[in-house]
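Open the model in your viewer and get ready to click along. Each stop tells you what to select and what you will find there.

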Amino acid sequence: MEITKKITLLILLFVQAVYVSAQKKISEGVITYTVTYDLDAEQLKYADLLPKKITCYFRGDSTAAVANQGDAIMKGVSVFKANFHSLIVEFPAASKKIVVVMTPAEVEQEKEANPQLNGINGTEKQIIDGYNCYKVTATNAKSGASYELWVTNDIEIPPNSVSKLVSGFGGVPVRFVTFNRGIRINAEIEEIKEMTIPPGFFSPTKDYKPMSFTDLKAMSGGN
């Protein structure tokens with residue numbers, strides 16, 4: 001009986017060690033999400049402009065979400081610890097390049113449009129895109145609405161502008177709901193690549209002209 005207990009303990013320790021060693025920390029690389037949107041009647045007219053995929057580049061504390069949005073290529077750069085957020089926008093057809101550095105007040109105003117989520121970790125598990133995931137139920141403290149999220153501990157990567165809202169629930173979000181200016185986004189990891197990000201990637205080149213966030217919104221019809 002004692003020998004059986006020892007063998008069982010050794011097996012459990014081995015399984016645990018394998019699981020821990022399987023976790024992969026990626027501090028620099030690229031993550032691609034497939035995304036869909038829940039739009040109201042007014043927002044539906046912009047559906048064709050919204051990207052079907054968002055690619056996030058990350059290195060250290062810096063991250064940039066890149067997406068094609070209509071005639072524009074948008075790069076949203078964030079350094080969350082410094083509360084720094086900028087938009088580097090190129091309109092290839094018009095040969096126009098602009099850069100917007102958001103003020104702290106503008107950043108807070110954008111955040112206020114999104115829900116305040118509180119998460120409860122569940123016991124339900126699932127393998128999604130090859131990752132061992134567990135279910136989290138996130139509830140909006142403002143409205144009471146609940147959302148289903150799936151997160152994993154198989155990998156460790158820094159939060160980005162797509163995952164940041166739901167990155168505080170003990171794991172990396174794999175299939176999840178997030179929000180941008182109040183619009184619900186359904187996102188799922190498609191691919192993660194560990195790679196070196198080129199120097200200067202998170203900064204605009206000298207040919208980008210500064211613009212205020214207010215002027216950028218006015219140029220895009222307030223959206």
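Select G29 first, then look across to β13: the bridge partner of G29 there is E194. Now colour the whole of β2 (28-38) and β13 (183-194). These two strands run antiparallel to each other and pair over ten bridges; strands are DSSP runs of E with at least two residues, numbered from the N terminus, and two of them pair if DSSP finds at least two bridges between them.

A word on what you are viewing: this is a predicted model, where local features need pLDDT of at least 70, side-chain atom pairs count only at pLDDT 80 or more, and totals for chains, interfaces and linings use all residues. Residues are numbered from 1 along each chain as its sequence is written, and side-chain values use heavy atoms, leaving out hydrogens and water.

Next, show the open sheet of twelve strands, in the order β8-β9-β10-β12-β13-β2-β3-β4-β5-β6-β7-β14, with mixed pairing. Its edges are β8 and β14 (209-210), each pairing on one side only.

Now select I31, Y33, I54, L149, I189 and I192. They have the most contacts inside the largest nonpolar core, which has 36 residues. Such a core is a set of buried Ala, Val, Leu, Ile, Met, Phe, Trp, Tyr and Cys residues joined through side-chain atoms within 4.5 Å, and buried means under 20% relative accessible area (1.4 Å probe, protein chains only). Apart from this core lies another, of eleven residues, including M74, L87, M102 and F213.

Last stop: what does I189 contact (heavy atoms within 4.5 Å), leaving aside neighbours within four places in sequence? Among its partners are I31, Y33, Y131 and V172.

Technical notes
Buried < 20%, exposed > 50% of the residue type's maximum accessible area, 1.4 Å probe, protein only. Helix = DSSP H or I, 4+ residues; strand = E, 2+ residues; numbered from the N terminus. Contact = heavy atoms within 4.5 Å.
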